[in-house]
Amino acid sequence: MATSTFATSRLNLLFERQYGKFIDQLNYGFEILDHMSRKKAEFDGEFFYYPVTVARSGHGRYQGEGQNQPTPHGVEDETIRFDVTEYMDKISFTWRFLAQSKSKRLHSKLAQRIQRVIKENREFCDKTAIFGNVTRGFVSERMAAAVDANTAGTAVALLGAYAGLVRTEVVQLDYDGDHTRFAGAALADPGSWVPVNLRCLDDYQAVESGHGLVFAANKVGSLFVTGSSAADGTIDIVLATDDNTAGTTFFISSAIINNGSAIGVELSNATAVNAIAIGNRQFGAGNPGDAQYEMSGIFSNLAAGAYGNVDRSNANYASLRSTCLTMGSSGVHARTDFSAARLQQWLDEILVLGGGEPTAFWMSPLMRSRYVAAVTTVLTNTTSVANTVGATTTTTESASAGGGRYQTVNGGKGDIGVKTIEYAGYAMRTALNMPKGLVVGLSDECWVVLTVGGNLIDFRRQGNSEEGPLFYDAEGTTTANAVLYGIHQLVCDRPNYGNGVLCGISLS
């Protein structure tokens, strides 16, 4: 049972004085989540229930005099069930730290350390808001040729505990997304491979038997990531199967996905191939920190096959799909520099699909530099001088050797940097954890964080009462502990309205 010592009581007294400020700092100041509204949602202890427009309600008609009235049509949205996610952190201060005699010094140190904890929790939640849960990123590249499981060719028979299985040769594909879930994967250790599903984002069908994978009768297999490189923007994938014939193949081509469409990379809960245990699943393992418990990030909201409790590969839910394209749109879809024509085509397809436009583009700061390079490359060599009579500032703008422009202010300040960047009036926002190689278009009005009490995260009071202390002594310890806890879920209620992804952009 938790107790409260003098030192802990003193800590609670100091903390209570700034409790409101700490709660505000914990729930606001996010890079991404601050742009999304918060709503208290219907909650049954297990799921959130939220109304979503799945199909248009219909419209009236023109008709002649005296004709019957039209048949009424419903205008109700469909209520979708979304998983609830629980977020928790636990912090502690030692009794020795709390024994400091000067309360002002203790107060200052306490505030500094609490604010550091708050900042780190905000950063983690912002990162999860990008690629949390099942969809970790996007493949833009196509395979030049199929790989097969014929061990007389390039396939490899697995040994030891994995005897009876074979793997194809490694397929390396351009990938823009999270690499942390693949960090431990190594080709030499099949127990470290991370099982994944690939999803074609033209029709949201998975790459599976008969659709990118071919197996002989009664044979099975799964795709695994065996390595990845954040620096190069790639992942390595193999097909592990119990079929070692030349007829078992893995091939991503225009036969299964339209040119210009992206492929979503989803974590899989597979644990075995034909009852032979293999791999290290990152989803569905039931461990704390498992991806299945994470808030659904932007990528999962826009690209996962599952949207709440419905399946977007079902044509009845096509209106819940988004526009996920690649910068390159032919051949093997190699990474391509920013192209104004392709950007505009992506925006136009977003508009045609759902009738809305993004509020802004989101990208990594490293992608911003690529966009600046593209902008300065297309600038024409122009020289202009602007003077205002009576003004104290004169700005001179001239062409640089590379075709970009520089400016001098008051004749003494040189500036060749770019303070703000746009495309056709759309703001370009950056997020530290947004992967390189892609741009995400988001319509702010479509995004909502569902909560129980209004906050993403709160400090949990002991006994779950409004008057209970925030810090308490755990039995058998010499520390004062506090719990940060929140129940929430991120939902895009109109994935097709002003939202989309454009991946496969050159990294250098």
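Two strands are taken to pair if DSSP finds at least two bridges between them. The model is a predicted one, and the pairings below are read from it under that rule.

**Strands and their partners**

Strand S6, residues 135–139, is mostly covered, since five of its five residues are buried. Four bridges join S6 to strand S18 (residues 263–267), and the two run antiparallel; a further partner is strand S10 (residues 171–177), joined to S6 by three bridges and likewise antiparallel. Val 139 takes part in both pairings, for its bridge partner in S18 is Ile 263, while in S10 Val 139 stands opposite Tyr 175.

| Pair | Residues | Bridges |
|---|---|---|
| S6 and S18 | 135–139 and 263–267 | four bridges |
| S6 and S10 | 135–139 and 171–177 | three bridges |

**Helix H6**

Helix H6 covers residues 340–354, 15 residues in all, and reaches 21 Å from its first C-alpha to its last, close to the 21 Å expected at 1.5 Å a residue. Which residues of H6 are buried? They are Arg 342, Leu 343, Trp 346, Leu 347, Ile 350 and Gly 354. Seen down the axis of H6, these buried residues fall within an arc of 140 degrees, so they line one face of the helix. The face of H6 turned away from that buried side carries the exposed residues Ala 341 and Val 352. Just after H6, Gly 355 takes a positive phi of about 85 degrees.

**Pocket and cavity**

Rolling a probe the size of a water molecule over the atoms shows where empty space is left. The largest pocket has a volume of about 630 Å³. Of the 27 residues that line this pocket, the closest to its centre are Glu 86, Gly 289, Asp 290, Tyr 293 and Glu 294. Strand S5 (85–94) and helix H4 (103–131) each supply at least two residues of the lining, and H4 gives the most, with five residues. By residue class, the lining of the largest pocket divides into 10 nonpolar, eight polar and nine charged residues.

A search of the whole structure finds one cavity of 30 Å³ or more, and the largest cavity has a volume of about 30 Å³. Its lining consists of Ile 32, His 35, Met 36, Trp 362, Arg 429, Leu 442, Asp 444 and Trp 447, which divide into five nonpolar, one polar and two charged residues.

**A contact across the sequence**

Is Ile 91 buried or exposed? With a relative accessibility of 9%, Ile 91 counts as buried, because the cut-off for that term is under 20%. Ile 91 and Leu 484 are 393 residues apart in sequence, and their C-alpha atoms are 8.0 Å apart in space.

Notes. Residues numbered from 1 in each chain as written. Predicted model: local features only at pLDDT ≥ 70, side-chain atom pairs only at ≥ 80, totals over all residues. Heavy atoms only, no water. Expected span 1.5 Å × (residues − 1). Buried < 20%, exposed > 50% of the residue type's maximum accessible area, 1.4 Å probe, protein only. Arc of directions from axis to C-beta. 1 Å grid on protein atoms, 1.4 Å probe; cavity = no way out; pocket = protein on both sides within 12 Å on 5 of 7 lines; lining within 4 Å. Points joined across faces, edges and corners; volume = space filled by probe spheres on them. Nonpolar A, V, L, I, M, F, W, Y, C, P; charged D, E, K, R; others polar.
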